[in-house]
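Have the structure open as you read.

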Amino acid sequence: MGRTAAINRKTGETNIQLSFNVDGEGVSEIDTGVPFMNHMLDLFTKHGQFNLTVQANGDIEVDDHHTTEDIGICLGMALKDALGDKKGIKRYGNSFVPMDDTLAQVVIDLSNRPHLEFRAEFPSDKVGTFDTELVHEFLWKFALEARMNLHVILHYGQNTHHMIEAIFKAMARALDEATTIDPRIKGIPSTKGML
């Protein structure tokens with residue numbers, strides 16, 4: 001089976017089916033009803049070498065908030081489930097990603113302690129129809145449900161699309177590093193004996 005998980009979550013606001021494979025090939029099938037999230041999740045999958053399938057139906061006639069938030073919840077739950085006891089993983093990941101005018105950095109600790117540190121400000125409130133404040137909402141719910149430290153540092157940038165895209169690419173690469181099995185690591189990578 002490998003390190004995979006599937007989540008089905010239905011509320012009065014959203015209905016989401018999501019499957020995640022940590023050890024994938026960068027293959028995605030994404031249909032969220034939120035075009036910008038489709039784009040971000042597709043490149044997250046590609047740059048992390050994961051496999052991700054998302055079918056989401058939400059109340060996008062209201063706005064994109066509930067759908068974006070609930071996808072973050074489901075992705076976090078799937079990551080946590082897929083990693084199991086975390087034996088042999090590197091645990092930590094760090095990635096810098098440039099994109100034209102932008103430089104983003106994401107640092108991850110799969111610590112079982114949820115925390116989001118978000119050092120990013122966007123010059124625009126929207127990218128297309130997508131509210132840029134939802135980036136924080138998605139990342140916070142992802143970190144919370146995955147129970148990881150997620151530090152996002154946007155060093156500089158001018159174009160909001162580039163900034164958000166660089167963050168998602170850096171997150172993918174940092175998560176790929178943190179989830180990598182290191183044959184030198186015996187058991188759980190913590191002096192506590194558990195994560």
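Strand 7 and strand 10 (residues 149-156) run parallel and are joined by five bridges. Keep in mind that this is a predicted model. To find your way along strand 10, look for Val 152, which has Phe 118 standing opposite.

Zooming out, which strands make up the sheet, and in what order? There are four, ordered 5-6-10-7, in an open sheet with mixed pairing. Strand 5 (92-99) and strand 7 (115-119) sit at the edges, each pairing on one side only. On average, neighbouring strands here are turned by 10° against each other, direction ignored.

Now for the helices. Helix 3 packs on the sheet, where it touches strand 7 and strand 10. Helix 4, for its part, lies across strand 5, strand 6 (102-109) and strand 10.

| Pair | Angle |
|---|---|
| Helix 3 and strand 7 | about 155° |
| Helix 4 and strand 5 | about 150° |
| Helix 3 and helix 4 | about 15° |

So how do the two helices pack against each other, and how far apart are their axes? Helix 3 (residues 133-146) and helix 4 (residues 160-179) have their axes 12 Å apart, at an angle of about 15°. That angle is under 35 degrees, so helix 3 counts as roughly parallel to helix 4. Their crossing is left-handed.

What does the contact consist of? Helix 3 brings Val 135, Phe 138, Leu 139 and Phe 142, while helix 4 supplies Ile 164, Ile 167, Phe 168, Met 171 and Leu 175. Sorted by class, that's nine nonpolar residues, with no polar and no charged ones.

Is Ile 16 buried or exposed? Its relative accessible area is 0%, and since anything under 20% counts as buried, Ile 16 is buried. Leaving aside residues up to four places away in sequence, Ile 16 touches Ile 7, Asn 8 and Arg 9, along with Gln 55, Ala 56, Thr 67, Asp 70, Ile 71 and Cys 74. For a sense of scale, pick Pro 189, 173 residues from Ile 16 along the chain: the C-alpha atoms of the two are separated by 32 Å.

Conventions
Residues numbered from 1 in each chain as written. Predicted model: local features only at pLDDT ≥ 70, side-chain atom pairs only at ≥ 80, totals over all residues. Heavy atoms only, no water. Axes fitted to C-alpha atoms, helices over the stretch in contact; angles between N-to-C directions. Parallel < 35°, antiparallel > 145°, perpendicular 65-115°, else oblique. Left-handed = near helix turned anticlockwise from the far one by under 90°. Contact = heavy atoms within 4.5 Å. Nonpolar A, V, L, I, M, F, W, Y, C, P; charged D, E, K, R; others polar. Buried < 20%, exposed > 50% of the residue type's maximum accessible area, 1.4 Å probe, protein only. Pairing = 2+ DSSP bridges.
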